[in-house]
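Hello,

Here is the structure you will be taking over. My notes follow below.

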Amino acid sequence: MKDLVIIGAGPAGMTAGIYATRAGLSALVLEHNYVSGGQIINTYEVDNYPGFPGINGFDLAQKMREHADALGVVFDTADVRRVERIDGGFRVSSDKDPIDTKTVIIASGADHSKLGIPGEDTYGGMGVSYCATCDGAFYRGKDVAVIGGGDVAVEDAIFLARACRKVYVVHRRDALRAQKSLQDKLFACDNVEIVWDSNGTAIEGKDGKVSALIVQNKFSGETKKLDVDGVFIAVGIVPNSEVFGGLIDQDDKGYILADETGATSTPGIFAAGDVRAKALRQIVTAVGDGANAVAAVERYLNEQ
Ligand SMILES: Cc1cc2nc3c(=O)[nH]c(=O)nc-3n(C[C@H](O)[C@H](O)[C@H](O)COP(=O)(O)OP(=O)(O)OC[C@H]3O[C@@H](n4cnc5c(N)ncnc54)[C@H](O)[C@@H]3O)c2cc1C
C-alpha cells in the first residue's frame with residue numbers, strides 16, 4: 001500500500017509530489033494528460049509567479065516537471081475514475097490497475113465552462129475554442145470573437161489581437177473584471193472592439209465551420225451578427241471533482257470543501273489547488289496548497 005496517491009499533475013499536484021518525495025513518503029502522481037502542468041500549459045504568459053517574470057506557461061510547467069523528475073517523483077499516466085474506502089485507506093481506480101493507498105491528495109484542478117448556446121457543440125473544434133494559445137494560430141489575419149470579461153478572456157483577446165485582423169470582446173457587463181494591467185494592454189490594441197452589455201446567444205456556421213456569432217444587448221434586446229471565423233469562449237471554470245462526488249463534501253458549484261491544511265470531510269483525503277473552495281485560484285496558491293496538503297498528510301500518517 002502506498003503512503004500517498006496524488007491525483008493531477010498541475011502546479012498543486014507537482015508541488016505535492018516534490019514535498020512528498022522529499023519527506024520520504026511512497027507517493028505516486030496520477031495524471032490523465034500526457035503532459036504535466038495542468039491549465040498553465042495553455043497559458044501564453046505568466047507574469048505573477050515569483051522568480052519567473054513573463055515566463056511562458058508551458059515552459060514553467062516543464063521546469064516544475066524537471067524539478068520533480070530530478071528529485072525522483074514518480075508519475076504515471078492514468079485517468080482516475082473512482083476513489084473508495086478500503087481497510088486502512090483508499091482504493092484509487094482508473095483506466096489502469098487499481099492502487100491502494102493510505103492517503104489521497106486531490107489536485108485535479110479545473111476546466112473551462114461551456115456557455116450552452118446553440119452552435120457551441122456543433123462547431124466545437126471547427127471555430128469554437130476554449131484555448132486561444134492552443135488554437136489562435138489558425139486565425140491569423142481573420143476576424144474572431146472572445147466571449148468573457150475576466151483575466152482569461154482579456155489575456156486571450158490580447159494574444160489573438162497580435163495575429164488576427166479584428167477581435168471582438170463580447171462582455172455581459174459595462175466593465176471588465178480582468179486585472180487593470182491586462183485591461184490597459186487590451187485597450188491599447190487598435191484592432192479590438194468591445195461589445196459591452198451583451199451576451200453571445202448563438203454561433204452560426206457555413207460549410208461545417210463557424211461563420212458568425214449572434215450577440216444580444218441585454219438592455220435593448222437588439223441583436224447583432226458578428227461575421228467571425230472563430231469564437232473563443234472564456235466564461236469561467238468548473239472544478240474537476242465529479243468523480244469524487246459522494247465521498248467528500250463539495251460546495252454548490254462542486255468545489256471540494258477543505259480546511260486550511262487541505263483536510264476534507266473524509267479523514268485521509270486532502271484537496272489542493274483550483275479544485276478546492278478558495279478565494280484565489282492562481283499558480284502561487286496552488287503550489288502553496290500542494291505543500292500544505294503534504295504536511296497535513298505527514299501529520300495524519302504519524303497519528304495512525
Ligand atoms: C488561460 C489561463 C491563464 C492563466 N494565467 C495565470 C497566470 O498568469 N498566473 C497564475 O498564477 N495563474 C494563472 N492561471 C490559473 C492557474 O493556471 C491555475 O490556478 C493553476 O493551474 C491551478 O493549478 P492546479 O494544479 O490546482 O490545477 P490544474 O492546473 O487544473 O491541474 C490539474 C491537473 O489534474 C489533471 N486531472 C484532472 N482530473 C483528473 C483525473 N480524473 N485523473 C487524472 N488527472 C486528472 C488535469 O489533467 C490537470 O493536469 C491561468 C489559467 C488559465 C486557464
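Domain bounds here come from an automatic or database domain assignment. They divide the protein chain into domain 1 (2–112 + 237–303) and domain 2 (128–233).

This is a predicted model: local features need pLDDT of at least 70, side-chain atom pairs count only at pLDDT 80 or more, and totals for chains, interfaces and linings use all residues. Residues are numbered from 1 along each chain as its sequence is written.

The C-alpha centres of the two domains lie 32 Å apart. Four residues of domain 1 are in contact with six residues of domain 2 (contact: C-beta atoms, placed from the backbone, within 7 Å).

Next, the cores. A nonpolar core is a set of buried Ala, Val, Leu, Ile, Met, Phe, Trp, Tyr and Cys residues joined through C-beta atoms within 7 Å. Buried means that 20 or more other C-beta atoms lie within 10 Å of a residue's own. The largest core has 49 residues. Ala16, Ile105, Ile106 and Phe270 have the most contacts inside it. Helix H6 (residues 283–303) gives the largest share, seven residues (helices are DSSP runs of H or I, at least four residues; strands are runs of E, at least two; both are numbered from the N terminus). Another core, of 36 residues, lies apart from that one and includes Ile158 and Phe232.

Last, a hairpin. Strands E12 (residues 198–206) and E13 (residues 209–217) pair in the antiparallel sense over eight bridges (pairing needs at least two DSSP bridges). Two residues sit between them. Asp207, in the turn, has a positive phi of about 50 degrees. Lys206 stands opposite Lys209 in E13.

Best wishes

Technical notes
Buried ≥ 20, exposed ≤ 12 C-beta atoms within 10 Å, placed from the backbone. Contact = placed C-beta atoms within 7 Å.
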